[in-house]
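User: I'm new to reading protein structures. Could you walk me through one, feature by feature?

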Amino acid sequence: MNQLISLQAAADLILAGRFLAVAGPEAVLDQLPAGRWIGGTIPYFMTEAGGTVVQDERVFVTDLTDVGTLAGIGSFGPDELAQVSGGAPDNGFALVIIPAGGETHRRFAAEAAAFPDAFVKPAVGWISGVHLSDLGRVTPKVYDGSSRTKHEDRAVVAHIGLPADKLVQVDIVNLFQPEDGDVLRFTEASFEVGECEVNGQKRRLSDYVVERGLEHGRQPLVGDFAGARINASLQSVNAQGGTVTLYAPVFPGVEYRFAQPQSDYAASFQAETARQDQSGAIWSCNCILNFLFGELEGKRIGGMSGPITFGEIGYQLLNQTQVIVRLV
Amino acid sequence: MPIPTPDHPCWHKLASGALAKLRTEHLGTQFLIKNMERSKDPVPVKAQAIHAYFAKWERLLGAELKQLTAL
């Protein structure tokens, strides 16, 4: 199961002992009983019928009971994040949900690649959020269903062990291709950038963004991670203060270019989905910025359904990217 | 192709920079390469981590394993 269902249907699954990943509005998640589930707040989803915003008492449920063995559910604060991957079974992975905007989010984004076993026991998951009309008024939450607790600044994690003949495969769909032009480099891992190097010349990133007319944020920075295109999306530009705030950090030692514009998100996702091997897919999420800029409400993109999130996790924090978890 | 033994010199060479030459489209491997490139860990620590990584993902990384001893 990987779909929107009623609160009552979700509660029945939990009471039947199923192991669930749940996403939905806070008022609905608050009503779920204790059990084997983790969850996070978000009202945006991609379903088989298309992108949708849930305003009623439904939640998006992924039933992971038959995927493997649930080794444990827990929550970890900013200083405990090394246990996210480290605590997973040897042949397993960590399904993680982190609320947007807190220290846990920031620390995970900056440090995930350095955590023990980060590459042998992958972390996958998402950053919880709120309805965009509630930004600044309501905080994103995550839920540890085993203790029926919710948190504003901790990561909830389900450690999942797989059968010996299965491995977890983390795939991404990034619609964005880098421009051929300027190469940008950064001297520290940060969500907030002052100066950077553009083709080896030091300058304020905000000046460069304004000069290029990229303040709209539709074109992320695309980092070259050994051939993988990894985005850091623009949240805001403070031209006067000389800073640019990003939704994911940029890293030193990585070459970045701004992305080429994207015109038809839905068609591009459909094309990518048709090209990619989707066999064994068990879970997916996609980015709120793709949903917004691509105007995906009511549009189908093919492939897996899942929450539309404030950040995606595939080994580390990603932006404007679809993450697909498969068992192979 | 079987994975080279932990004492094979390829792991030291990979940890010393040769890993960056590996051609792969596997996301985890791409992140590993970039992380090793940026890491300040001593070479033996990196070599052990790279070996552990390929031992874990051996079944999925046939094309990459073929390159390891030639890089």
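**Reading the model**

Analyst: Let's start with burial: 38% of the 71 residues in chain B are buried. A residue is called buried if 20 or more other C-beta atoms lie within 10 Å of its own, exposed if 12 or fewer, and partly exposed in between, with C-beta atoms placed from the backbone. Keep in mind that this is a predicted model, where local features need pLDDT of at least 70, side-chain atom pairs count only at pLDDT 80 or more, and totals for chains, interfaces and linings use all residues. Residues are numbered from 1 along each chain as its sequence is written, while chains are lettered from A and ligands numbered from 1 in the order in which they are written.

User: How many helices and strands does chain B have?

Analyst: Helices (H or I, at least four residues) and strands (E, at least two) are DSSP runs, numbered from the N terminus. Chain B has four helices and zero strands, so its pattern along the sequence reads α-α-α-α.

User: What radius of gyration does chain B have, and what does the globule rule say?

Analyst: The radius of gyration is taken over C-alpha atoms, and the rule is 2.2 Å times the number of residues to the power 0.38. For 71 residues a compact globule would come out near 11 Å, and chain B agrees, with 11 Å. The C-alpha trace of chain B spans about 30 × 25 × 20 Å along its principal axes.

User: How many residues of chain A are in contact with chain B?

Analyst: Two residues are in contact if their C-beta atoms, placed from the backbone, lie within 7 Å. Here 19 residues of chain A are in contact with 17 residues of chain B. On the chain A side, strand β13 (residues 168-173) gives the most, with four residues.

User: Which domains does chain A have?

Analyst: Domain bounds come from an automatic or database domain assignment. For chain A, that assignment gives domain 1 (2-170 + 267-327) and domain 2 (184-258). Their centres, taken over C-alpha atoms, are 27 Å apart. Across the boundary, 11 residues of domain 1 of chain A are in contact with 11 residues of domain 2 of chain A. On the domain 1 side, α4(A) has the largest share, three residues.

User: Which residues of helix α5 in chain A are buried?

Analyst: An α-helix has 3.6 residues a turn, so residues three or four places apart point the same way. In helix α5 (residues 205-212) of chain A, the buried ones are A:Leu205, A:Ser206 and A:Val209. They cover an arc of only 100° around the axis (using directions from the helix axis to the C-beta atoms), which puts them on the same side of α5(A). Their cover includes β20 (234-238) and β21 (243-250) of chain A.

User: Which residues touch the most other members of the largest nonpolar core?

Analyst: In soluble globular proteins, nonpolar side chains tend to be buried together. A nonpolar core is a set of buried Ala, Val, Leu, Ile, Met, Phe, Trp, Tyr and Cys residues joined through C-beta atoms within 7 Å. The largest one has 123 residues, of which A:Val22, A:Leu95, A:Val96, A:Ala155 and B:Ile50 touch the most other members. It draws at least three residues from each of domain 1 and domain 2 of chain A. Leaving aside neighbours within four places in sequence, A:Leu95 has contacts including A:Ala21, A:Ile38 and A:Val124.

User: Is A:Pro78 buried, exposed or partly exposed?

Analyst: A:Pro78 is partly exposed, because 17 other C-beta atoms lie within 10 Å. This proline is found in the loop between β7 (69-76) and α3 (83-86) of chain A.
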